[in-house]
Amino acid sequence: MTKLLEWLLGVSVVVTAWGLLTFDLLDLKVPQVYREVVWPMPVYLLVVFGCYSIATVGYRVATFNDCEEAAQELQAQIKEAKLDLKKKGLKF
Amino acid sequence: FICPDVRAGKSSSKRQANKDKYSVLLPTYNERENLPLIVWLLVKYFGESGYDYEIIVIDDGSPDGTLQVAQQLQGIYGAHRVLLRPREKKLGLGTAYIHGIKHATGNFIIIMDADLSHHPKFIPEFIQKQKEGGFDVVSGTRYSGNGGVYGWDLRRKLISRGANFLTQVLLRPGASDLTGSFRLYKKEVLEQLVDRCVSKGYVFQMEMIVRARQLGYSIGEVPISFVDRVYGESKLGGNEIVSFLKGLLTLFATT
């Protein structure tokens, strides 16, 4: 199954459950309290996911390692390499 | 008679371990300045590690004389260490890998960028990781452990992390860095994957990992540092972002 199909399946299941509960399609006589909670759930979940995404990406950007030493080490090795290669006869 | 068999078994498994050979594929285009440096670094770190290796330079008809520099390097390090397999013109990364694999005599292939953004010092770590876990693929990651980047501004980091987050949510690939191109593959695994991949650019590298997962291959990770010295010249523009998104959605819908 492709990821798209997995998502469509998952969304269908959630929407069906939500629809059944909110509009009492199976005549389950679900208490009003539950229906009031379930009804705005999709929007709530989207908002929660949105906040989670922003927080996660923000955190990851903030903690993205800056490899200062790697850059310096590379510079030093470039100099070393150029000297060594010249000695070995390389014509740049 | 047990003893001779045990001894024979031990020495042949030692020979087995020493039979590993690593072919480094270096597709190049206008890397006249960087090629000698990357080859020097590869020779240094492979030499120190004792692993058997070869470097295959696949130059796509660079107008700046990259091939001539490669020929000099072959003279210095030997034709068994530096192999030249040039092509007439710029033909793309996927075909460069196919071309390189055809001429590789190693049983492992290492792919990396030739512009010094990937540092050969990580290759022994890749090899070690592969041996530890018997992995089919070892991928260098900038996003986890003490992996990281040098030379990116806030905008670039934001785009990078944002794109990676989107990829993780949509594809759940089981690898932290999908667009990275510093990887070690078992030769037959790379052959299988390149055969099946159809995308280009960043998305090609993503597709390789996604297909590897599909085919049940195991993927290990090693944190790497990515030193970007060309970011100033080649900013990540709208076009690249759009083609990345198109590619991501295609993978989402087809894998």
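**Domains, sheet and helices**

Guide: Chain A is split into domain 1 (1-39) and domain 2 (40-92), with bounds that come from an automatic or database domain assignment. The model is predicted, so local features need pLDDT of at least 70, side-chain atom pairs count only at pLDDT 80 or more, and totals for chains, interfaces and linings use all residues. Residues are numbered from 1 along each chain as its sequence is written, chains are lettered from A and ligands numbered from 1 in the order in which they are written, and side-chain values use heavy atoms, with hydrogens and water left out.

Visitor: How many Å apart are the C-alpha centres of domain 1 and domain 2 of chain A?

Guide: They lie 42 Å apart.

Visitor: Over to chain B. What is the strand order in the open sheet?

Guide: The order is β3-β2-β1-β4-β7-β5-β8, seven strands with mixed pairing. Strands (E, at least two residues) and helices (H or I, at least four residues) are DSSP runs, numbered from the N terminus. Two strands pair if DSSP finds at least two bridges between them.

Visitor: Which strands of chain B stand at the edges?

Guide: β3 (82-84) and β8 (219-223) of chain B do. Each has a single partner strand, so one side of each is left without a neighbour in the sheet. Neighbouring strands are turned by 25° against each other on average, direction ignored.

Visitor: What packs on the sheet?

Guide: Helix α8 (residues 201-214) of chain B does, touching β4 (108-111), β5 (137-141), β7 (183-186) and β8 of chain B. Contact means heavy atoms within 4.5 Å. The direction of α8 makes about 40° with that of β7(B). Axes are lines fitted to C-alpha atoms, for helices over the stretch in contact, and angles run from 0 to 180 degrees between N-to-C directions.

Visitor: And β1 with β2 in chain B: in which sense do they pair?

Guide: Parallel, over eight bridges, between β1 (residues 21-28) and β2 (residues 52-59) of chain B. B:Leu26, for instance, has B:Val57 as its bridge partner in β2(B).

Visitor: How many residues of β1(B) are buried?

Guide: Seven of the eight, so β1(B) is largely enclosed by the rest of the structure. Buried means under 20% relative accessible area, exposed over 50%, and partly exposed in between (1.4 Å probe, protein chains only).

Visitor: Give me one residue from that strand.

Guide: B:Ser23 lies in β1 of chain B. B:Ser23 counts as buried, at 0% relative accessibility. Beyond its neighbours within four places in sequence, its contacts include B:Glu54, B:Ile56, B:Phe108 and B:Ile110.

Visitor: Helices now. Which residues of α3(B) are buried?

Guide: B:Thr66, B:Val69, B:Ala70, B:Leu73 and B:Tyr77. They cover an arc of only 100° around the axis, which puts them on the same side of α3(B). The arc is that of the directions from the helix axis to the C-beta atoms.

Visitor: Why would residues three or four places apart point the same way?

Guide: An α-helix has 3.6 residues a turn, so they do.

Visitor: What do the buried residues of α3(B) pack against?

Guide: α4 (68-87) of chain A, together with β1, α2 (34-49), β2 and β3 of chain B. Just after α3(B), B:Gly78 takes a positive phi of about 100°.

Visitor: Back to chain A. How far does α3(A) reach?

Guide: Helix α3 (residues 41-62) of chain A reaches 31 Å from its first C-alpha to its last, close to the 32 Å expected at 1.5 Å a residue. That expected span is 1.5 Å times one less than the number of residues.

Visitor: Which of its residues are buried, and which are exposed on the other side?

Guide: A:Ser53, A:Thr56, A:Val57 and A:Val61 are buried. Seen down the axis of α3(A), they fall within an arc of 125°, so they line one face of the helix. They pack against α6 (154-171) of chain B. On the other side, A:Tyr44, A:Val48, A:Ala55, A:Tyr59 and A:Ala62 are exposed.

Visitor: Which residue other than glycine has a phi near 70°?

Guide: B:Leu116 has that positive value. B:Leu116 sits in the loop between β4 and α5 (123-133) of chain B. B:Leu116 is buried, at 2% relative accessible area. B:Asn30, also not a glycine, has a positive phi of about 55°. B:Asn30 is in the loop between β1 and α2 of chain B, and counts as partly exposed at 35% relative accessibility.
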